[in-house]
Amino acid sequence: LGLMAYDLASLDERQAARFEDLADAVTPGRVTWLDVQGLGDEAVIRAIAERFGLHRLVLADILNLGQRPKVETYEDVVFCVTRMVMLTDGDVHWEQVSIVLAGNVVISFQETYGDCL
């Protein structure tokens, strides 16, 4: 779980295993990018969903792989599902990447560990 929060005066970059260890960096007036790599820790994903009030259908789409690429809006949240294509040892690999835009916060959910972004 990685976080990058910035404004005109400062930049805060952190890594943590729990969202609770990063939550204090999400403050008004700062742009915040929260990057979740791997979908195996449901507690982390649920904590993020609760903190940002994500709709239950957004949460379901994040956790259920094989979604078709799409963009949906839920009140003041924009949700996007896309597919990242990578070539690994001559094989094509598809990874689902879900992105949530909520005010000044961007949250990316990568299907696997490793930074495809």
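**A quick note on the pocket and the sheet**

1. Let's start with the largest pocket, which holds about 190 Å³ of space. Keep in mind that this is a predicted model.

2. Who lines that pocket? The lining of the largest pocket comes to 11 residues, and Gly2, Leu3, Gln15, Trp33 and Asp35 are the ones nearest its centre. By type, the lining splits into four nonpolar, three polar and four charged residues. Strands β1 (2-6), β2 and β3 each give at least two residues to it.

3. Now for the sheet those strands belong to. It is an open sheet of seven strands, ordered β2-β1-β3-β7-β6-β5-β4, with mixed pairing. At the edges stand β2 (11-15) and β4 (70-74); each has a single partner strand, so one side of each has no neighbour in the sheet. On average, and ignoring direction, neighbouring strands here are turned by 15 degrees against each other.

4. Residues 77-88 (strand β5) and residues 91-102 (strand β6) run antiparallel to each other, paired over 12 bridges. Within this pair, Met84 sits opposite Glu95 of β6.

5. Then the helices. Helix α1 (residues 42-52) packs on the sheet, where it touches β3 (31-37) and β7 (105-110). The direction of α1 makes about 155 degrees with that of β7. Helix α2 (residues 56-63) lies across β4, β5, β6 and β7, and runs at about 160 degrees to β6.

Technical notes: Residues numbered from 1 in each chain as written. Predicted model: local features only at pLDDT ≥ 70, side-chain atom pairs only at ≥ 80, totals over all residues. Heavy atoms only, no water. Pairing = 2+ DSSP bridges. Helix = DSSP H or I, 4+ residues; strand = E, 2+ residues; numbered from the N terminus. Axes fitted to C-alpha atoms, helices over the stretch in contact; angles between N-to-C directions. Contact = heavy atoms within 4.5 Å. 1 Å grid on protein atoms, 1.4 Å probe; cavity = no way out; pocket = protein on both sides within 12 Å on 5 of 7 lines; lining within 4 Å. Points joined across faces, edges and corners; volume = space filled by probe spheres on them. Nonpolar A, V, L, I, M, F, W, Y, C, P; charged D, E, K, R; others polar.
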